[in-house]
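Here's a quick briefing to read with the model open.

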Amino acid sequence: MTEEVNRVDPFQSVKAHPMKSSKGAPHQPATDLVTAGRQYSEHGIVSPGVYHASTILYPNTDALRAQNQPYTYGRKGTPTSRALEETIAQLEGGHACRLTPSGLAAVSTVLMAFLDTGDHVLVTDSAYRPTRSLCNGLLERMGIETTFYDPLIGSGIADLMKPNTRLVMTECPGSQTFEMQDIPAIAKAAHAHGALVAIDNTWSGGHYFKAFEHGCDISFQAATKYLVGHSDCMMGCITVAEEHWDRFKTTYEQMGLCAGPDDMYLTLRGIRTLDVRLKRHMKSALDIAEWLGTRDEVSEVLHPGLPGAAGHDIWKRDFTGSSGLFGVVL
C-alpha cells in the first residue's frame, strides 16, 4: 500500500440502495435520512417533538381496559420514540425497531430475546469485547453455551452447528481486527440449520451495509457511534425481521427497556446528517490509512475499504461505503 494506490474518490463512489419511504415510494438513502419519521411532527414543525412522558391519560375506563390506544405508558413508546424507531427501521430495511439506552443493552437484549437455557450460540471471535463478556458471564450462568468461531469461516460455519444452535452472532468488519465476514454464506448455512443470524452493524451505521438484504434476521447497533455521531449521548437500536418481531418485542417489553426522550432527540438529529458525515469519515480514514501504509513503523493497515487490504473483495461486493474506524499493526 503506497501513495500511488489508485482508488476512486469516495465522494463519487458511494452506491445507492434506494429505501422505501413511509408511503412506499423509493427514495435515495440520503433523502430518506432527512425525511423519515416526519409524520410524527405537528403544527407544521419540521422535527418531531420531544415528549417527556411516564403516565398517559385515557379518555374513559373502556379505553383503559382495552389498552388499544397508540400510547399507553411512557416506557412503551411516545411519538418521539416512534419517529426514531421508524427512521432506523427504514434505514436498516427491517420490519421494525426498538431502542435501548446503550449499544451493550442492544447486544444483551438480542441474546435474551432469542436464546433459552440449553441453547447454543455461535459468536464471531472478533466480536465487540463486551459481547464476549456477556457470553462468558451471563449466558454461561443461564446455561447457554457459546462457541467463538473464526470470522473468516464463511459457509464452513455449517460444521460448527449443533442440534441446539439457535443463533449466529456476526460483526462485519470485526472489532479492532476488521475481518470481513461473508455474511450471505454464513446466513445460508445458518438458515439451512434453522438458526437465526444477527449482526452488529455499527461500523456501517446501517447506511453502508443492508443487513436484511444479505440474509440477516436481526441488525443491532451501538447507535452511540455513528447515528448519534456527536459524542453526547448513549443509544442502542435493534431492528428485526417481521417473522421474529413478536418474540423480540415480548422480551424487550418484559425487560423494561427504554431510552430517554432527550437522547432520542439527539439520535434523530444525528441521523439527519448521517450521509454527509459518513462520507467525510470515509474520505478522511482512507487518506490516513494510505499514509500509514507508507510508514516504516506500520506492518499492516486493517481497513477493508482500502484496495489490497484483507477483506477488500468482500467489502466491495457487499458494502456501499466505509466509515472512519480502522486499525494498524505496528
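A cavity here is a set of points, on a 1 Å grid over the protein atoms alone, where a 1.4 Å probe fits but cannot get out; lining residues have an atom within 4 Å of a point. Points are joined across faces, edges and corners, and a volume is the space filled by probe spheres set on them. This is a predicted model: local features need pLDDT of at least 70, side-chain atom pairs count only at pLDDT 80 or more, and totals for chains, interfaces and linings use all residues. Residues are numbered from 1 along each chain as its sequence is written, and side-chain values use heavy atoms, with hydrogens and water left out.

**The cavity**
- There's one cavity of 30 Å³ or more, and the largest cavity has a volume of about 50 Å³.
- Its lining is made up of Val123, Thr124, Ala127, Thr131, Met169, Thr170, Glu171, Asp200 and Phe220.
- Strands S4 (120–124) and S6 (165–171) each put at least two residues into that lining; strands (E, at least two residues) and helices (H or I, at least four) are DSSP runs numbered from the N terminus.
- S6 gives the largest share, three residues.
- By class, the lining has four nonpolar, three polar and two charged residues (Ala, Val, Leu, Ile, Met, Phe, Trp, Tyr, Cys and Pro are nonpolar; Asp, Glu, Lys and Arg charged; the others, Gly among them, polar).

**The helix pair**
- In H5 (residues 103–114), Thr109, Met112, Ala113 and Phe114 meet Arg247, Phe248, Thr251 and Tyr252 of H9, where contact means heavy atoms within 4.5 Å.
- Those contact residues divide into five nonpolar, two polar and one charged.

Conventions: 1 Å grid on protein atoms, 1.4 Å probe; cavity = no way out; pocket = protein on both sides within 12 Å on 5 of 7 lines; lining within 4 Å.
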